[in-house]
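Let's take a walk through this model, going from the inside out. Have the viewer open and follow along.

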Amino acid sequence: MRFARYVLVGLAAFAIDYGVLVLLAGRMPLVAANTIAFLVANAANFLMAHGFVFGRSLDRSAAPEYAGVLVVSLVGLALNDAVVWVAAGLAGWPLIVAKVLATGVAMGWNYAARATWVYRERSAP
């Protein structure tokens with residue numbers, strides 16, 4: 001069930017990500033536009049997933065968890081940028097196809113890493 005909620009949040013974050021990318025893609029280099037779009041969507045994803053997916057509150061403990069999410073997401077960003085650059089920039093695929101593929105790769109990494117390291121169950125003392 002948690003993964004299904006993560007997918008729902010991911011779809012909303014994808015809409016933000018792709019929307020920002022489309023707005024910026026003609027105004028700056030593709031990888032820069034993709035990076036900005038990814039970071040905006042990442043912040044939105046954290047705000048949605050923190051409580052809805054992982055059952056955490058947005059209190060003082062959220063700051064270190066966001067730092068962990070951001071570190072995980074930087075790897076996801078590198079994967080996302082690489083796939084968009086290769087698929088759209090080099091192979092000439094349509095941007096939407098490249099972005100969907102890149103999002104799938106990054107989403108798999110981000111979920112696995114968040115569940116394993118950032119939001120792992122804490123053992124009682």
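Predicted model: local features only at pLDDT ≥ 70, side-chain atom pairs only at ≥ 80, totals over all residues.

Start at helix 1, which covers residues 2-25. Its 24 residues reach 33 Å from the first C-alpha to the last, close to the 34 Å expected at 1.5 Å a residue. Which of its residues are buried? The buried ones are Tyr6, Val9, Gly10, Ala13, Phe14, Asp17, Val20, Leu21 and Leu24.

Now hop over to Val72, which sits in helix 3. Val72 counts as buried because its relative accessible area is 7%, and the cut-off for buried is under 20%. Leaving out residues up to four places away in sequence, Val72 touches Trp109, Asn110, Ala113, Arg114 and Val118. Take Trp109: 37 residues separate it from Val72 in sequence, yet their C-alphas are 8.2 Å apart in space.

Val75, Leu79, Trp93, Ile96, Val97, Val100, Leu101 and Val105 make a nonpolar surface patch of about 610 Å². Helix 3 (62-90) and helix 4 (95-118) are the elements that give two or more residues to this patch, and helix 4 has the largest share, with five residues. Val97 is found in helix 4. Is Val97 buried or partly exposed? Val97 is partly exposed, because its relative accessible area is 40%, between the 20% and 50% cut-offs.

Key: Residues numbered from 1 in each chain as written. Heavy atoms only, no water. Patch = residues over 30% accessible without salt bridge, like charges linked within 9 Å, V, L, I, M, F, W, Y side chains within 5 Å. Areas by Shrake-Rupley, 256 points an atom, 1.4 Å probe, with all protein chains shown as cover. Salt bridge = Lys/Arg side-chain N within 4 Å of Asp/Glu carboxyl O. Helix = DSSP H or I, 4+ residues; strand = E, 2+ residues; numbered from the N terminus. Buried < 20%, exposed > 50% of the residue type's maximum accessible area, 1.4 Å probe, protein only. Expected span 1.5 Å × (residues − 1). Contact = heavy atoms within 4.5 Å.
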